[in-house]
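Welcome, and thanks for taking a look at this one. Here are a few notes on the pockets, meant to be read with the structure open beside you.

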Amino acid sequence: LVGASVALLLGIVQGPEAGWGSPVVIAGFACAAVLFVVWTLVELRAEHPMLDPRLFRIAGLRSACLGMTAVFFGMFALFYVNASFLQYGKGFGVLETGLGIIPMTLPVILGGRHVGRLVDRIGVTATVALAFLFVGGGMLALSTSDMLTPYPVYASWLVVTGIGVALALPTLSAVIAGSLPPSQAGVSTG
């Protein structure tokens with residue numbers, strides 16, 4: 001699983017620089033596909049699998065895991081691009097760049113504890129939809145920023161993205177944890 005994940009990451013990271021059709025990228029994706037299949041076959045045959053692939057037959061678990069993957073993929077991509085943009089595009093120093101990301105974290109820190117009440121009021125589906133609307137809208141707006149974009153405008157889009165992350169993470173985590181019986185709590189949290 002680790003090898004498959006590293007191979008996939010290699011393909012994704014090298015794609016923009018080496019070209020999506022380059023041998024290293026194609027090899028990374030091919031290796032990832034083969035290793036994911038091997039991992040699945042081994043886990044299906046294991047008496048006590050670390051992560052039973054059959055669990056992904058549960059629609060809620062599968063959807064929430066895909067949702068978490070999308071949010072984390074976007075967040076980690078944003079951290080990389082944000083640091084480069086603020087340092088090389090806006091001329092921020094290293095400390096300023098680190099502080100410049102804080103607006104995205106504020107909604108997560110301050111708003112995360114209120115998400116449960118929102119879920120109770122509007123439901124899981126509406127909360128997740130709202131989360132993806134905020135994450136997607138914020139990232140789309142951030143992607144249109146350039147050197148002329150004032151930092152307060154950029155920071156406001158970081159806040160919008162952070163609101164989406166604050167809505168998504170606890171909601172999707174609860175769906176994952178609720179998809180499995182208490183006897184598999186360790187698997188669901190993992």
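1. A word on terms: helices here are DSSP runs of H or I, at least four residues long, and they are numbered from the N terminus. Please also keep in mind that this is a predicted model.

2. Let's start with the largest pocket, whose volume is about 1400 Å³. Its lining has 35 residues, and the closest to the pocket's centre are Leu1, Ser5, Phe36, Cys65 and Thr69.

3. Which helix supplies the largest share of that lining? α3 does, with 12 residues. At least two residues each come from α1 (2–18), α2 (23–45), α3 (59–89), α8 (151–179) and α9 (185–189).

4. Now for the second largest pocket, which holds about 200 Å³ of space. Its lining is made up of Gly74, Ala77, Leu78, Val81, Phe85, Met139, Leu142, Ser143, Ser145 and Tyr154.

5. α3 turns up again here: five residues of the lining of the second largest pocket come from α3, which gives the most. Both α3 and α7 (124–143) supply at least two residues of this lining.

6. As for residue types, the lining of the second largest pocket has seven nonpolar and three polar residues, and no charged ones.

Note on methods:
Residues numbered from 1 in each chain as written. Predicted model: local features only at pLDDT ≥ 70, side-chain atom pairs only at ≥ 80, totals over all residues. Heavy atoms only, no water. 1 Å grid on protein atoms, 1.4 Å probe; cavity = no way out; pocket = protein on both sides within 12 Å on 5 of 7 lines; lining within 4 Å. Points joined across faces, edges and corners; volume = space filled by probe spheres on them. Nonpolar A, V, L, I, M, F, W, Y, C, P; charged D, E, K, R; others polar.
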